[in-house]
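Hello,

Here is the structure we talked about handing over. Please open it first, then read the notes below.

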Amino acid sequence: MNITTVLLFLTGLVLLIFGSELLVRGASRIAAAAGIPPLVVGLTVVAFGTSSPELAVGIQSALAGTGAVTVGNVVGANIINVLLILGLAAVILPLTVAQQLVRLDVPLMIGVGAAFYALAYDGRFSRLDGALLIAGIVAYTAFCVWQSRRESRAAREEFEEEFAPPTEAQRGTGYYVKNGVLVLIGLGLLFQGSNWLVGSATTFARALGVSELLIGLTVVAIGTAMPEIATTVMASIRGERDIAVGAVVGSVLFNLMGVIGIAAAVAPKGIDVPQAALAFDFPVMLAVFVACLPIFFIEGRISRAEGALFLSYYAAYTGYLILSAGDSGLLRVFRVAMLGFALPITALTLVVLSLRWWQIQRRESAAAAAMERHLDPD
């Protein structure tokens, strides 16, 4: 490994981030000018655009025959989305969780995650698996567009501020051309950036003596998740707290179905799934998805304490990956600490929170019934 490889990796990362930004900016403006409602633009064009680095890297690595990078990138990015991004945003400002997320999107994320695991269990995402996943993301997108008609006025206003259509004076041939050029430049930057990033990441793995999967789960995943990190943190700072959580869940679903689906469909022999990922990283990802449900459901928000818990678990997950790659003697101590202390404490905390929520609901129901009897004694 030399300085050229490092520079190519960093340059590729920068190109991915800027390419994603230009693609989202140009495509969202064109969509808004074409009369697509701002809420639909935010739920589809922007949500998928922020995942374009993962898609570019996924296609590039699949075509290059380094499927471990593709799988590691998607699984690692999904763990980052929930633990790192939501944790960081919640620490900045507690996040509001919309009821639709609790009732539909999070259970859907868990279901898709389980199906994703099942498709990978034979050690490969075939082209047929890719087609099924693509059909899933198309259906989800269509549902988002249909569901947007039922969103609250407050949600619509948040998206209208961000993705308002141009005025009649701004709209014209030049407007479409200018933003079309932004889209093309963004796509070009994504292509070149993913090419350099995948090539240099593979070189890193060989030089450091670690697996391509580990590089995909850590360095590549963090790099490609930068647009989601920026989008979610800025939404949290601006007070758009329900958009922040929804954007993360949407990105996770697109990664699972869109990125792997398209990459598997274009790869001549599909995508090989490392057994190490099936044994550890897939279950961790699914466990993270499942843990979201009680946390989101109990209070309808993610508190600062819960955000800090997410961050601590991401640090623990990353620490485990590093220790296992180096075959460190500390790995046994780390496992004992997690299995004997951290995980049981987290489970106990979730049980206590659930019981507290149940008691509050019982008291509120009893109070409502008493009020109803008082108002209508007959």
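Aromatic rings pair here if they belong to Phe, Tyr or Trp (its six-membered ring) and their centres lie within 6.5 Å; planes under 30 degrees apart are stacked, over 60 edge-to-face, and the rest tilted. By this rule there are 6 aromatic pairs. One of them is F116 with F125, a tilted pair with 4.9 Å from centre to centre and 35° between the planes. F116 is buried at 0% relative accessible area, because buried means under 20%, while exposed means over 50% and partly exposed lies in between (1.4 Å probe, protein chains only). F125 is buried too, with 0% relative accessibility.

F280 and Y317 make a stacked pair: the ring centres are 6.1 Å apart and the planes stand at 15°. This pair links distant parts of the chain, as F280 sits in helix α12 (residues 275-299) and Y317 in helix α13 (residues 304-326), 37 residues apart. F280 is partly exposed, at 26% relative accessible area. Y317 is buried, at 6%. One aromatic cluster is formed by F116, Y117, Y121, F125 and F282.

Two notes on how to read all this. The model is predicted, and local features need pLDDT of at least 70, side-chain atom pairs count only at pLDDT 80 or more, and totals for chains, interfaces and linings use all residues. Residues are numbered from 1 along each chain as its sequence is written, and side-chain values use heavy atoms, with hydrogens and water left out.

Now the overall picture. The protein has 14 helices and 4 strands. These are DSSP runs, numbered from the N terminus: helices are H or I with at least four residues, strands are E with at least two. Of the 378 residues, 49% are buried. A contact means heavy atoms within 4.5 Å. Among contacts with a separation of 6 or more, 86% are between residues 24 or more positions apart.

Next, the surface. The protein exposes about 17700 Å², and carbon and sulfur atoms supply 67% of that. Accessible areas come from the Shrake-Rupley method with a 1.4 Å probe; for residues, only the protein chains shown count as cover.

V14, I17, F18 and M226 make a nonpolar surface patch of about 330 Å². Patch residues have over 30% relative accessible area and no salt bridge; like charges are joined within 9 Å, nonpolar side chains (Val, Leu, Ile, Met, Phe, Trp, Tyr) within 5 Å. A salt bridge is a side-chain nitrogen of Lys or Arg within 4 Å of a carboxyl oxygen of Asp or Glu. Helix α1 (residues 3-33) gives the most to this patch, with 3 residues. V14 is found in α1. V14 is partly exposed, at 43% relative accessible area.

Last, helix α3 (residues 52-63), which holds E54. Is E54 buried or exposed? E54 is buried, at 0% relative accessibility. Leaving out residues up to four places away in sequence, E54 touches N73, A77, T224, A225, E228, N255 and V259.

The helix α3 is mostly covered, with 10 of its 12 residues buried. Among them are P53, L55, V57 and Q60. The end C-alpha atoms of α3 are 16 Å apart, which agrees with the 16 Å that its 12 residues should span at 1.5 Å a residue. The expected span is 1.5 Å times one less than the number of residues. After α3 comes G65, with a positive phi near 85°.

Best wishes
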